[in-house]
Amino acid sequence: MKNDKIIEMDMGSTVSTDVGTVCLGIESSCDETSAAIVDSNKNILAHIIYSQIPEHQKYGGVVPELAARAHILAIDTVIRQTLDRANMTIDDIDVIAATAGPGLIGGVLIGWMAATGIAQSTGKPLVAVNHLEGHALVPRLAAATADNSAAPVSVEFPYLLMLASGGHCQILLVRGVGKYELIGQTLDDSAGEAFDKVSKMLGLGYPGGPIVDRCAALGNPRAFDFPRPLTDKPGCDFSFSGIKTAARTFLNKYPAPYSNEFINDFCASFQASVVDCIINRLDHAMKTDAVIKAKPKTLVVAGGVAKNSAIRAAMEKLAHEHGMVFAAPPMNLCTDNGAMIAWAGLENFQIGNIVREPIAPRPRWPLTELQGN
Ligand code: KG4
Ligand code: ZN
């Protein structure tokens with residue numbers, strides 16, 4: 001493993017000198033090998049992310065077998081460096097948590113086996129974290145307004161969550177730890193997949209979301225007339241495959257190479273259609289019986305796509321129109337990271353949800369199957 005690929009995350013401001021319960025969290029479900037030490041007073045004591053993106057870039061996406069091998073090579077070093085950075089040994093840790101699914105099973109197994117090994121050899125409690133719950137709960141560890149301009153936002157249950165990552169796109173009512181009500185979801189691709197595929201079509205590289213986001217900021221969102229699938233229909237479900245097909249159809253009409261202006265306009269128009277779909281579906285979600293009854297005060301976005309500046313801004317506007325507060329995790333806690341797993345581990349530990357007998361990690365593990373439901 002090359003040390004230059006290790007990214008040490010900014011740990012933000014320390015909110016308390018009292019560390020409370022301390023959790024070591026491990027994430028390995030996709031193309032990041034990450035570990036973090038987080039305490040129950042919301043201090044991130046150390047956070048290391050080893051990104052495999054450069055290893056997958058030449059294939060235009062994550063290659064599961066390569067990812068698993070890279071996790072094996074990185075995991076020990078990442079955990080050791082995380083402990084070193086926190087100036088701690090394993091004796092200082094109270095709880096071990098690791099992603100146990102959903103995700104690429106080869107990678108999940110590596111993080112899970114590492115965590116199981118540490119827990120068994122030290123006798124410390126072990127929490128099996130659902131990766132999606134990591135994304136869903138991390139705004140309770142740290143959250144801010146769309147542009148970080150105001151004071152940090154405290155996110156209390158229940159809240160309405162737009163969970164948008166590379167593999168998932170769901171609107172959820174989060175009632176508590178392990179308590180998720182599905183309000184809407186994609187019928188085909190996830191929003192992240194749509195960003196990645198459009199980027200690939202334009203030859204812009206992987207992962208596509210951040211590149212398309214950057215280009216979109218410079219383009220005209222009305223240059224291309226992308227569809228807004230399902231927005232003329234009731235309900236809260238999404239469909240992004242039509243937007244992707246429209247992108248392919250447009251590009252078939254215009255031969256490459258594309259000018260920067262073309263790329264920027266194309267990205268801006270594509271992104272505007274994704275934003276409109278998300279806002280339309282969230283607006284419907286807020287009018288469902290379940291959401292009206294639960295009266296969530298906060299509208300939250302999480303998952304890798306939550307980094308998108310246009311989505312953050314549009315969701316904040318929608319939240320304010322509905323008298324709600326908007327919250328998003330800081331940028332470095334949106335994409336996959338160990339801190340969200342450590343935090344979800346702590347929240348589960350606090351309600352007694354620890355592993356009591358051996359479990360099998362799961363490639364698929366919907367949030368609605370968690371035990372609080
Ligand atoms: O949550 P995540 O790190 O991994 C999964 O659990 O899937 O999400 C990765 C996804 C990728 O599809 C990536 O293109 C997308 O998040 N993404 C973005 C942005 N940054 C990352 N999508 C839109 N705009 C961004 N700025
Ligand atoms: Zn993720």
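Start at the metal: the donor residues of the zinc ion (ligand 2) follow the sequence spacing H-x3-H-x200-D. You are looking at a predicted model, where local features need pLDDT of at least 70, side-chain atom pairs count only at pLDDT 80 or more, and totals for chains, interfaces and linings use all residues; side-chain values use heavy atoms, with hydrogens and water left out. Residues are numbered from 1 along each chain as its sequence is written, while chains are lettered from A and ligands numbered from 1 in the order in which they are written.

**Stop 1: the zinc site**

Select ligand 2 together with His-131, His-135 and Asp-336. The zinc ion is coordinated by His-131 (NE2), His-135 (NE2) and Asp-336 (OD), at 2.0 to 2.1 Å. Donors here are N, O and S atoms within 2.8 Å of the metal (3.2 Å for Na, K and Ca), and water is not among the atoms, so sites may look incomplete. Now display the angles: they run from 95 to 138° among the 4 donor atoms, and the site is irregular.

**Stop 2: helix α4**

Next, show residues 131-137 as a cartoon. His-131 and His-135 are about one helical turn apart because they sit 4 residues from each other in helix α4. Helices are DSSP runs (H or I, at least four residues), as are strands (E, at least two), numbered from the N terminus. Are these two histidines buried or exposed? His-131 is buried at 7% relative accessible area, and His-135 is buried at 1%. Buried means under 20%, exposed over 50% and partly exposed in between, with a 1.4 Å probe and protein chains only.

**Stop 3: strand β7**

Move to residues 159-164, where 6 of the 6 residues of β7 are buried. Tyr-159, Leu-161 and Leu-163 point one way, and Leu-160, Met-162 and Ala-164 the other. In a regular strand, side chains alternate between the two faces of the sheet.

**Last stop: zoom out**

The whole protein has 11 helices and 11 strands. Buried residues make up 55% of its 373 residues.

How values were computed: Tetrahedral: all angles 85-135°; square planar, octahedral: opposite > 155°, others 65-115°.
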